[in-house]
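Work through these exercises with the model on screen. Try each task before you read its solution.

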Amino acid sequence: MSKQNIFDNEIFFEGYKALRDNDINYNDLLEQPAMAKMLPDLNGKSVLDLGCGYGHNCLDFVNKGAERVVGVDISEKMLSVAKEKSSHSKIEYFNISMTDISKLNKKFDFIYSSLAFHYVKDFDAFAKVMYSTLDNGGQLLFSQEHPIITATIDGNGHFNKDENGNRVSYTFSNYNEPGERRIHWYVDGVVKYHRTISNIFNALAKAGFIIEEVCEPVPEDWAIEKLPTIVKEYIKPNFLIVKARKI
């Protein structure tokens, strides 16, 4: 399983931090609002946040009634921010890869992950690890870059415009070629993994999960007011969100 730690690269970390510090970003305008609508009741629950980053979701889970929250991230830089700005007596942070969660020797009612699973190389094996980490009836909610976005080998999918400069379609390729993708995002050589939608759902199903809900979020009116260009997300989805349950 992949244990890439690009977030501790100083250039990448500062670039990503600047992106998230500005509230006009796709995470806050599109992905996080959709994830919030799909959260289960967390009152009294134990929660595991995979790729917890700055820990803001961990703190939010406590505020929503979670009894115990564990945040794991491979980035020491991310966790240093989390421990400073998102600390709470009910939260524990661990500096490990999310693919190593079996080492925690803990069970959870709910596993959450925001935009991290496209960094996992062997999703089939990882799905089984997550399944065994959940208590019976436990739920999984995760978002990742949509397979349309991860598909193109060189990462250069692009919008096509009409004679008036309006975006009218989106071009991508290599969809049915799962595997490693190396792209430039703040720095060269960022490794992500492309999987088709069938790859993702089959991995979850074979692990034993029941799919409860799937979302490919589109921007709401308030988000379009903040960032008018986000209307292009009606042409193609940027994120895939999946909610599943262990029976």
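**Exercise 1. Charges over rings**

Task: Find what lies over the face of Phe159, and at what distance from the ring centre.

Solution: 
- Apply the rule: a charge sits over a ring if NZ of Lys or CZ of Arg is within 6 Å of the ring centre and within 35 degrees of the ring normal.
- Arg167 is over the face of Phe159, 5.6 Å from the ring centre.
- Now turn to Tyr131: Lys246 lies over the face of this ring, at 4.8 Å from its centre.

Before you go on, note the ground rules. This is a predicted model, in which local features need pLDDT of at least 70 and side-chain atom pairs count only at pLDDT 80 or more, while totals for chains, interfaces and linings use all residues. Residues are numbered from 1 along each chain as its sequence is written, and side-chain values use heavy atoms, with hydrogens and water left out.

**Exercise 2. Salt bridges**

Task: State how many salt bridges a search of the whole structure finds. Then describe the bridge between Arg245 and Glu212.

Solution: 
- Start with the cut-off: a side-chain nitrogen of Lys or Arg must be within 4 Å of a carboxyl oxygen of Asp or Glu.
- The search of the whole structure gives eight salt bridges.
- One of them joins Arg245 and Glu212, whose closest N and O atoms are 2.7 Å apart.
- Arg245 belongs to strand β11 and Glu212 to strand β10 (residues 209-215), so this pair ties together parts 33 residues apart in sequence. Helices (H or I, at least four residues) and strands (E, at least two) are DSSP runs, numbered from the N terminus.
- Check exposure. Buried means under 20% relative accessible area, exposed over 50%, and partly exposed in between (1.4 Å probe, protein chains only).
- Arg245 is partly exposed at 28%, and Glu212 is partly exposed at 35%.

**Exercise 3. Two more bridges**

Solution: 
- The side chains of Lys103 and Asp100 meet in a salt bridge, with N to O at 3.9 Å.
- Lys103 has a relative accessible area of 60%, so this residue is exposed.
- Asp100 has 15%, so this residue is buried.
- Now try Asp60 and Lys64, which form a salt bridge at 2.8 Å, N to O.
- Asp60 is partly exposed at 26%. Lys64 is partly exposed at 39%.

**Exercise 4. Aromatic pairs**

Task: Give the number of aromatic pairs. Then classify the pair Phe117 and Phe123.

Solution: 
- Rings of Phe, Tyr and Trp (its six-membered ring) pair if their centres lie within 6.5 Å; planes under 30 degrees apart are stacked, over 60 edge-to-face, and the rest tilted.
- This rule gives twelve aromatic pairs.
- Phe117 and Phe123 have ring centres 5.9 Å apart and planes at 50°, so the pair is tilted. Both residues are buried.
- Phe123 and Phe142 have centres 6.1 Å apart and planes at 55°, so this pair is tilted.
- The pair links distant parts of the chain: Phe123 is in helix α5 (residues 123-133) and Phe142 in strand β5 (residues 134-145), 19 residues apart.
- Phe123 is buried at 2% relative accessible area, and Phe142 is buried at 0%.
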